[in-house]
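These are my notes on what I looked up, entry by entry.

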Amino acid sequence: MTTRITPPQWEALSSYLDNQLTPKERARLETHLKQDAELRQALEDLRRTRALLRSQPRLRAPRNFTLTPAMAGVRSGARRSSSVGAYPILRLASVLATIFFVLVTVGDFAVRTFAPPPLTMTASEQTAPIFGMGGGGGGGGDGALQPEMGLLAPTEAPLEAITGQAVASPIPDQKSLVVTPIGTPEAALEALVTPEAVAQAKEVPIQPADNGNRQLENETQQPAAQPWPAHTVILVLQILLIILAVGAGLAALYVRRAAR
Amino acid sequence: MDETALIQAALQGDLDAFNRLVLAYQDMVYTQAYRMMGEQEAAEDASQDAFISAYRKLDSYRGGSFKAWLLRIVTNVCYDELRRRKRRPTTPLEPLDNDNEEIESPRWLSDPGESPEESAERSELARALQRCLDGLPPEFRAVVALVDVQGLDYTEAALAVGAPLGTVKSRLARARTRMRDCLKGVWELLPDSLRLVGESDT
């Protein structure tokens with residue numbers, strides 16, 4: 001029964017029911033309808049179908065779909081903007097922590113690599129303070145207390161010369177001079193960027209074996225004030241920086257994902 | 001407050017204003033979702049998602065028929081969900097059972113003048129109707145629901161499905177033709193008013 005009616009004809013019938021045909025199309029279809037009983041039947045079927053569909057009442061929503069502030073806020077409002085604000089800060093924190101970690105690690109490695117022989121030697125002489133790369137302040141202090149090892153260096157000059165706190169340790173020989181007070185990596189870094197400290201370190205009467213590399217190690221801070229061995233301090237610093245880097249990185253990721 | 005003013009207020013972040021729009025349109029949105037999804041729970045989820053999405057995208061509303069704009073959003077939400085189900089066909093739903101529950105709910109049979117027999121006929125007919133709708137491809141279902149259930153004109157329907165007018169016309173014709181074939185067995189259930197429907201209906 002439906003085989004003879006083509007899809008365009010069905011479309012014309014459908015549009016006819018909705019009064020969507022142009023006058024020309026409408027006239028042509030009505031002519032066909034008069035001549036074709038099957039087409040008339042098809043139109044009647046479509047009309048009933050359409051009427052049935054249109055007879056269905058609009059459903060009532062089974063509940064209200066009003067938005068709570070949480071629904072609105074979570075997905076669009078203030079929370080998103082605040083998260084977006086926190087993201088770059090956390091990201092920056094993570095990056096900075098990583099950079100500092102690398103600096104500290106490289107600095108530590110460099111100092112250890114350049115200084116190992118004197119280190120061991122002075123360690124035998126002066127134990128903790130000398131070994132202290134970081135807390136190395138003790139080195140200066142102890143060194144100052146060891147005149148019997150040969151006061152080759154008058155302490156006054158370096159004391160005044162270097163930041164007031166730094167003490168050029170009186171060291172018995174070149175080796176120990178090289179070794180003795182080793183600053184923390186931070187101190188070393190400072191020394192690197194403050195030429196006057198370098199120059200002042202050179203004023204120490206003792207002949208530094210290798211000024212270029214060592215003078216920064218001549219600086220000491222707060223003699224005896226730092227009870228921690230330097231390597232421990234560095235280790236703690238490294239751990240803290242790693243935690244900060246990873247933690248801030250994860251927090252940044254979380255914030256970004258939550259903002260989506 | 002009129003619709004435009006409510007939309008403007010909602011754009012300024014006035015959630016109460018938006019919720020007044022929700023209350024005004026939720027039956028329409030839910031009906032569309034139900035016709036598309038064929039079951040209540042999915043229709044509720046789609047409706048809620050549609051309103052959340054509408055609130056988020058309110059600044060993309062460029063005037064014109066707000067009704068068509070909302071219907072487009074809910075229709076797209078339904079498309080997405082239907083596609084998702086197609087990809088994960090572990091949750092096929094036999095519409096009969098769910099429909100039973102839904103259709104016999106008091107909301108559906110809200111006509112107080114109906115006799116029990118009429119109610120039974122009506123529910124059976126409605127069930128058959130929804131089953132036939134469920135059998136249509138989603139694109140056809142969307143158009144026939146928009147035009148014949150929601151009463152949109154062709155232009156609004158084209159807006160709501162994001163398709164050209166010609167596409168809407170042909171999809172509607174094919175949907176109605178398929179519905180006609182599907183409903184053949186249930187014509188006797190039609191109430192007289194529909195069975196004898198004549199020229200006056202257009």
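**Entry 1: B:Ser47.** I listed the contacts of B:Ser47, leaving aside neighbours within four places in sequence, and found A:Ala61, A:Phe65, B:Gln26, B:Val29, B:Tyr30, B:Ala33 and B:Val74. I note that the model is a predicted one. B:Ser47 sits in helix H3 of chain B. Is B:Ser47 buried or exposed? I counted 29 C-beta neighbours inside 10 Å, so B:Ser47 is buried, the cut-off for buried being 20 or more. I also checked B:Tyr34, which is 13 residues from B:Ser47 in sequence and lies 8.9 Å from it in space, C-alpha to C-alpha.

**Entry 2: the contact between the chains.** Chain A puts in 35 residues and chain B puts in 41 residues. On the side of chain B that touches chain A, at least two residues each come from H2 (15–37), H3 (40–56), H6 (116–134), H7 (138–149) and H9 (165–183) of chain B. H2(B) has the largest share of this side, with 11 residues. Sorted by class, the side of chain B that touches chain A holds 22 nonpolar, 9 charged and 10 polar residues.

**Entry 3: chain B as a whole.** I counted 10 helices and 0 strands in chain B. Chain B has 202 residues, and 40% of them count as buried. I then took the contacts in chain B between residues at least 6 apart in sequence; 67% of these join residues at least 24 apart.

**Entry 4: nonpolar cores.** The largest nonpolar core has 68 residues, and those touching the most other members are B:Ala33, B:Ala46, B:Val74, B:Val143, B:Val144, B:Leu146 and B:Ala157. H2(B) gives the most to this core, with 11 residues. A second, separate core has 8 residues, among them A:Ala97, A:Ile234, A:Leu241 and A:Ala245. I went back to B:Val144: beyond four places in sequence, its contacts are A:Leu53, B:Leu172, B:Ala175, B:Arg176 and B:Met179.

**Entry 5: helix H8 of chain B.** Just after H8(B) comes B:Gly162, with a positive phi of about 65°.

**Entry 6: A:Asn19.** A:Asn19 is not a glycine, yet it has a positive phi of about 55°. I placed A:Asn19 in the loop between H1 (7–17) and H2 (23–35) of chain A. A:Asn19 counts as exposed, because it has 9 C-beta neighbours inside 10 Å and the cut-off for exposed is 12 or fewer.

**Entry 7: confidence in chain A.** The average pLDDT of chain A is 67, and 50% of the residues score at least 70. Residues 74–82 of chain A have a pLDDT below 50, and this stretch has 9 contacts in the model beyond near neighbours in sequence. Residues 119–223 of chain A also stay under 50. For residues 119–223 the model has 205 contacts beyond four places in sequence. Where pLDDT is low, predicted coordinates should not be read in detail.

Terms used. Residues numbered from 1 in each chain as written. Chains lettered and ligands numbered in written order. Predicted model: local features only at pLDDT ≥ 70, side-chain atom pairs only at ≥ 80, totals over all residues. Contact = placed C-beta atoms within 7 Å. Helix = DSSP H or I, 4+ residues; strand = E, 2+ residues; numbered from the N terminus. Nonpolar A, V, L, I, M, F, W, Y, C, P; charged D, E, K, R; others polar. pLDDT = per-residue confidence, 0-100. Core = buried A, V, L, I, M, F, W, Y, C linked by C-beta atoms within 7 Å.
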